Amino acid sequence: MAHRCTQPLELAAAPELDDDGRARRTGGLWTCVVHIITGEIGIGVLALTWSVAQLGWVGGPVAMVCFAFVMYISAFMMTHCYRSPDSEKRHRNYTFMDAVRTHLGKKRTWLCGLFQYLSFYGTATAYVITTATCLSAIEKANCYHVEGHDAPCGSQREHLYMLLFGVAQLVLSFIPNFHSMAWLSVVAAIMSCVYSSIGIGLGLAQVIENGTIKGSIAGVPMSTTMQKVWRVAQAIGDIAFAFPYTTFLLEIQDTLKSPPPEGETMRKGNVIAVLVTTFFYLCVSCFGYAAFGNAAPGNLLTGFGFYEPYWLIDFANACIVLHLLGGYQMFSQQIFSFADRCLAARFPSSAFVNSFYTVTVPGLAISYKLNLQRVCFRTAYVASTTGLAMLFPYFNEVLGVFGAITFWPLAIYLPVEMYCLQKNVLPWSRKWVALQAFSVVCLAVGAFALVGSVEGVVQKRLG
């Protein structure tokens with residue numbers, strides 16, 4: 001009772017509070033599953049047909065099932081890290097970085113932040129590239145419909161589309177709490193499901209039209225063994241980009257009601273979500289590979305394996321662009337918030353960092369509070385992602401690089417280390433050796449994918 005008396009009047013009168021004083025969580029198993037699926041399915045799904053084409057009918061599906069299993073193990077370990085120091089205690093870790101800070105200390109929190117923000121930055125850069133290719137695909141689809149499938153309908157405007165997307169993102173960056181708007185995640189979820197489903201449907205329709213299943217056991221043949229090795233590495237990097245969701249798992253777990261314990265619900269949700277997502281990914285990639293075989297495009301909806309119905313291809317690519325307009329901000333606003341906090345703490349007396357100036361929009365009865373630090377940092381950030389995308393406009397290779405860089409530290413190493421501490425796994429015990437072996441194998445896979453993806457970027461850049 002003494003605890004309740006110390007609460008503010010409004011809080012004490014609130015009928016539904018959890019043990020941490022926050023509003024009562026209401027999420028259940030199915031909301032958990034929906035959040036995981038909509039958070040995981042993104043532009044990475046569009047590269048999976050190409051990945052399967054590089055690995056072949058055996059290697060491709062096996063690689064995706066293996067990554068699904070790895071992600072399940074990683075997520076299973078993370079669910080035990082929501083409450084600390086053990087699952088019966090009341091302390092909650094609301095985010096991935098909170099969990100790292102609680103279990104592993106300050107140094108590895110910085111490591112976590114470095115790779116997490118690098119992941120956000122890389123995803124934003126990939127979104128710039130993807131938007132340009134989607135807008136170009138709409139332009140080419142309309143051209144092919146009017147001029148015929150053999151017409152020279154190449155687009156020379158990809159850099160222009162990147163610049164336009166960058167300008168749009170710069171404007172959106174200054175809308176207060178844009179990333180927190182409820183409709184944003186709803187639109188992103190709907191759009192990702194729509195364009196992925198269109199990809200499945202078009203692939204299946206093409207297989208039926210062909211009357212045969214294309215592809216081969218070994219995948220796309222290359223002129224040398226090393227070229228094949230690099231292609232396999234790039235394909236693994238693309239799959240690594242598509243699967244991980246451990247970085248936002250604790251945020252989902254924090255929405256779940258208790259009882260039953262949040263971890264128990266989350267583990268059930270992980271099983272269902274991984275099965276559904278893997279099935280979905282296998283459908284997209286395998287139908288696409290069956291339709292186009294070794295000629296499978298790098299991006300299923302922009303590589304022009306499909307020509308008709310042109311309006312459906314236009315619609316699918318428009319859905320991708322709408323998804324990316326909001327998705328860029330969902331990732332980038334986290335970097336903006338981090339920069340704002342750090343600079344304010346580092347320069348508490350600086351007017352440049354902390355002062356706001358009221359600006360009135362001419363002709364409109366609208367005023368906006370402008371901060372010079374935010375203008376400079378956000379402009380530089382958007383310009384850097386746009387510039388990097390223009391310099392390296394290679395969809396599959398860029399996805400592979402960022403997928404490989406962040407796969408091991410965020411999805412494997414940190415969850416393994418936290419789980420060992422949380423469960424008091426003794427060094428050199430059987431469980432500890434098994435987990436460390438699991439981590440080392442995943443490190444080797446991630447390093448292999450990174451080297452191959454970087455090689456692919458260099459080869460594309462040098463022509």
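Modeller: Let me begin with a term we will need: a patch is made of residues with over 30% relative accessible area and no salt bridge, and nonpolar side chains are joined into one within 5 Å. Please keep in mind throughout that this is a predicted model.

Biologist: Okay, which residues make a nonpolar surface patch here?

Modeller: The patch is made by V58, V62 and I217, and its area comes to about 280 Å². I217 sits in the loop between α8 (182–210) and α9 (225–242), and with a relative accessibility of 59% I217 counts as exposed.

Biologist: What about charged pairs, how many salt bridges are there?

Modeller: The count comes to 9 salt bridges. One of them joins the side chains of E262 and R83, with 2.7 Å from N to O. E262 belongs to helix α11 (residues 262–292) and R83 to strand β1 (residues 83–84), so this pair ties together parts that are 179 residues apart in sequence.

Biologist: Are those two buried or exposed?

Modeller: E262 is buried, at a relative accessible area of 3%, and R83 is buried as well, at 10%.

Biologist: Where else do I find a salt bridge?

Modeller: D340 forms one with R374, where the closest N and O atoms are 3.2 Å apart. This pair links distant parts of the chain, since D340 is in helix α12 (residues 310–346) and R374 in helix α14 (residues 372–391), 34 residues apart. D340 is buried, with a relative accessible area of 13%, whereas R374 counts as partly exposed at 29%.

Biologist: And which residues are joined into one network?

Modeller: R83, R92 and E262 are joined that way, through salt bridges that share partners.

Biologist: Switching to helices, what does α15 span, end to end?

Modeller: The end C-alpha atoms of helix α15 (residues 395–422) are 39 Å apart, which agrees with the 40 Å that its 28 residues should span at 1.5 Å a residue.

Biologist: Where does α15 bend?

Modeller: The bend is at F407 and amounts to about 45°, with a proline, P409, following within four residues.

Biologist: How many of its residues are buried?

Modeller: In α15, 25 of the 28 residues are buried, so this helix is largely enclosed by the rest of the structure.

Biologist: What comes just after it?

Modeller: Just after α15 there is N424, which takes a positive phi of about 55° although N424 is not a glycine. N424 lies in the loop between α15 and α16 (430–462), and N424 is exposed, with a relative accessible area of 61%. W428 is placed in the loop between α15 and α16 too, and W428 has a positive phi of about 70° without being a glycine. At 70% relative accessibility, W428 counts as exposed.

Biologist: Last one, where is Q54, and what is it in contact with?

Modeller: Q54 is in helix α4 (residues 48–79), and at 2% relative accessibility Q54 counts as buried. Leaving aside neighbours within four places in sequence, the residues in contact with Q54 are A218, G219, V220, K228, R231, V232 and A235.

Key: Residues are numbered from 1 along each chain as its sequence is written. This is a predicted model: local features need pLDDT of at least 70, side-chain atom pairs count only at pLDDT 80 or more; totals for chains, interfaces and linings use all residues. Side-chain values use heavy atoms; hydrogens and water are left out. A salt bridge is a side-chain nitrogen of Lys or Arg within 4 Å of a carboxyl oxygen of Asp or Glu. Helices (H or I, at least four residues) and strands (E, at least two) are DSSP runs, numbered from the N terminus. Buried means under 20% relative accessible area, exposed over 50%, partly exposed in between (1.4 Å probe, protein chains only). Patches are made of residues with over 30% relative accessible area and no salt bridge: like charges are joined within 9 Å, nonpolar side chains (Val, Leu, Ile, Met, Phe, Trp, Tyr) within 5 Å. Accessible areas come from the Shrake-Rupley method with a 1.4 Å probe; for residues, only the protein chains shown count as cover. The expected span of a helix is 1.5 Å times one less than its number of residues. The bend at a residue is the angle between axes fitted to the seven residues ending there and the seven starting there. Contact means heavy atoms within 4.5 Å.
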